[in-house]
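Dear colleague,

Please find the structure for your review below. My notes on it follow directly after.

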Amino acid sequence: MPVVMRRLRDPDINPCLLESDASARCMDENNYDRERCSTYFLKYKNCRKFWNSIMNQRRQNGVKPPMPTAAERDEILGAMGKMPY
């Protein structure tokens, strides 16, 4: 598997892996009809927006690494009580 693909499939790097997989699966199941999968695309977009805002806050605060690891993301989502996206 190419390095780029490995990075995209790494849960520590890609926080929206589940949403990405769900939208791809929807496209496969619905013969690539984008209209039928718009809710999955919206969830993915909101996920990216949420984690990018977290990443920007961490950069501003000088926290390394800017993107929280998968374990840290689980803690953040657990503290919120519900999915923010």
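Which pattern do the disulfides of the protein chain follow, with bonded cysteines counted along the chain? The pattern is 1-4, 2-3. Please note that this is a predicted model, and that the values in this message are computed from it.

Disulfides

The count comes to two disulfides. One of them joins Cys-16 to Cys-47, with an S to S distance of 2.0 Å. This pair links distant parts of the chain, 31 residues apart: Cys-16 belongs to the loop between H1 and helix H2 (17–29), while Cys-47 sits in helix H3 (residues 38–60). The link of Cys-16 and Cys-47 is left-handed, at -95° about the S-S bond, and both cysteines are buried.

A disulfide also joins Cys-26 to Cys-37, where the S to S distance is 2.1 Å. Because Cys-26 lies in helix H2 and Cys-37 in the loop between H2 and H3, the pair ties together parts that are 11 residues apart in sequence. The torsion about the S-S bond of Cys-26 and Cys-37 is about -95°, so this disulfide is left-handed. Both Cys-26 and Cys-37 are buried.

Salt bridges

A search of the whole structure finds three salt bridges. In one of them, the side chains of Arg-9 and Asp-21 meet at 2.6 Å, N to O. Arg-9 lies in helix H1 and Asp-21 in helix H2, so this pair ties together parts that are 12 residues apart in sequence. Arg-9 is partly exposed, at a relative accessible area of 38%, and Asp-21 is partly exposed at 23%.

Glu-72 forms a salt bridge with Arg-58, and the closest N and O atoms are 3.9 Å apart. Here too the pair links distant parts of the chain, with Glu-72 in helix H4 and Arg-58 in helix H3, 14 residues apart. Glu-72 is partly exposed, with a relative accessible area of 31%, whereas Arg-58 is buried, with a relative accessible area of 14%.

A salt bridge is also formed by Asp-33 with Arg-36, whose closest N and O atoms are 3.7 Å apart. Asp-33 is partly exposed, its relative accessible area being 31%; Arg-36 is exposed, with 56%.

A buried arginine

Arg-73 is found in helix H4 (residues 70–80). The side chain of Arg-73 does, however, reach the backbone oxygen of Asp-12 at 3.4 Å.

Surface patch and loop

Met-1, Val-4, Met-5 and Leu-8 form a nonpolar patch on the surface, and together they have about 430 Å² of accessible area. Of this group, Met-5 lies in helix H1 (residues 3–9) and is partly exposed, with a relative accessible area of 40%.

Lastly, Pro-66 is found in the loop between H3 and H4 and counts as partly exposed at 23% relative accessibility. Pro-66 and Asn-56 are 10 residues apart in sequence, and their C-alpha atoms are 7.3 Å apart in space.

Yours sincerely

Conventions:
Residues numbered from 1 in each chain as written. Predicted model: local features only at pLDDT ≥ 70, side-chain atom pairs only at ≥ 80, totals over all residues. Heavy atoms only, no water. Patch = residues over 30% accessible without salt bridge, like charges linked within 9 Å, V, L, I, M, F, W, Y side chains within 5 Å. Areas by Shrake-Rupley, 256 points an atom, 1.4 Å probe, with all protein chains shown as cover. Salt bridge = Lys/Arg side-chain N within 4 Å of Asp/Glu carboxyl O. Helix = DSSP H or I, 4+ residues; strand = E, 2+ residues; numbered from the N terminus. Buried < 20%, exposed > 50% of the residue type's maximum accessible area, 1.4 Å probe, protein only. Disulfide = S-S within 2.5 Å. Polar contact = N/O pair within 3.5 Å; in protein donor to acceptor, adjacent residues only side chain to side chain.
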